[in-house]
Amino acid sequence: MDLNQVNNFLSVAQTLSFSGAARRNGVPQSTVSRHISDLEAELGVKLFYRTKRDVKLTGEGRAFLPYAKEMLETARKANHVVKQLHEGAEGRLSIATIITSSMVLADCLREFGKRYPDILVDITYVSGCEPEWEEREDKYDFHFLHRDILPEGDDFDFLVTHTDHLGVVVPKGHPMLQEPLNFSALKAEKFIMVSEEESPLLYMQVLDVCRAHHFSPQIINRFDTVKSVLLSVGAGLGVSILPLAIPRMILPELVEVIPIDDMDTSVTYVAAWKKEILNPAALLFLNILRERFPDDENR
């Protein structure tokens, strides 16, 4: 059997659809069917019950499933190790992060760069929505993200990196800056929000804050980037509620932040990684994370 056969078997087993497996793997449905037929012929068993309406695993198919996963995972590991050796001892580190973890990540990378200046670091900014974790392949060594969107299961480990809180973001010189935060005054303000699709956790938390103060925000616009939100607020088009770190990093010359002190608005952030680390450079970075964030946080 070859890995293409095994990969197509696993895709059909997960989607219970030959057409779905074909779309997932970017091949014609006839190729998926041929690979499954060849695999069944080699094993001498039927792996799927197939009708015009549905596809189901046979008992033999269910028995083969964990071994198929293991074969693909072993191949992935081998590919990863060979690539690392080919790239040399310096290596490469790949990190996905959300904007609110930028300062924490920068501190870690500063130390990492001092110790290992020849290791290339790739950084990708991702949205605050729930990430699409790949079951068979994760292209990032580390994810800096909200604790609440960690994937379920035992595949990942994590360290708590920091906690932030929410604040009301207003333009420079706004009248509300002259007195303690008054939510009654916010009822008359126009709100500019990060869209729910971009950051559902933040969106719901903002609405919860408003509900706790007995009003619904007058939302006039939603943006997919915090920079657009801050630019609009800085231009005097409205106000917003964001984690404190964001306006302090982005366009601080245009906006100011009033902390919300009368309720708990804390958000916990973590650095997460696959428990089985294959990349030597990732192991070096993990050592720095453990130095900076001792694993004594309440989980």
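In the predicted model, aspartate 208 has a relative accessibility of 39% and counts as partly exposed, a class that lies between buried (under 20% relative accessible area) and exposed (over 50%), with a 1.4 Å probe and protein chains only. Because the model is predicted, local features require pLDDT of at least 70 and side-chain atom pairs count only at pLDDT 80 or more, whereas totals for chains, interfaces and linings use all residues. Residues are numbered from 1 along each chain as its sequence is written, and side-chain values use heavy atoms, with hydrogens and water left out.

The side chain of aspartate 208 meets that of arginine 211 in a salt bridge, with an N to O distance of 2.5 Å; the term denotes a side-chain nitrogen of Lys or Arg within 4 Å of a carboxyl oxygen of Asp or Glu. Both residues belong to helix H7 (residues 200-212), where they are three residues apart, or about one helical turn. Arginine 211 is likewise partly exposed, at 48% relative accessibility.

Seven salt bridges are found in the whole structure. One of them links arginine 92 and aspartate 122, at 3.0 Å from N to O. Arginine 92 is located in strand S3 (residues 92-97) and aspartate 122 in strand S4 (residues 120-125), so this pair ties together parts that are 30 residues apart in sequence. Glutamate 111 is partly exposed at 21% relative accessible area, and arginine 115 is partly exposed at 35%.

At the level of the whole chain, 10 helices and 12 strands are present; helices (H or I, at least four residues) and strands (E, at least two) are DSSP runs numbered from the N terminus. The radius of gyration is 25 Å, well over the 19 Å that the globule rule gives for 299 residues, so the chain is more spread out than a compact globule. This radius is taken over C-alpha atoms, and the rule is 2.2 Å times the number of residues to the power 0.38. The C-alpha trace spans about 80 × 55 × 35 Å along its principal axes.

Buried residues account for 43% of the 299 residues. Of the contacts (heavy atoms within 4.5 Å) between residues at least 6 apart in sequence, 74% join residues at least 24 apart. The accessible surface is about 16200 Å², with 50% belonging to carbon and sulfur atoms.

Most residues other than glycine have a negative phi. Leucine 16, however, has a positive phi, near 50°. This leucine is found in the loop between helix H1 (3-15) and helix H2 (18-25), and leucine 16 is partly exposed, with a relative accessible area of 42%. Histidine 214, also not a glycine, has a positive phi of about 65°. The loop that holds histidine 214 runs between H7 and strand S9 (218-223), and at 68% relative accessibility histidine 214 counts as exposed.

Note on methods:
Accessible areas come from the Shrake-Rupley method with a 1.4 Å probe; for residues, only the protein chains shown count as cover.
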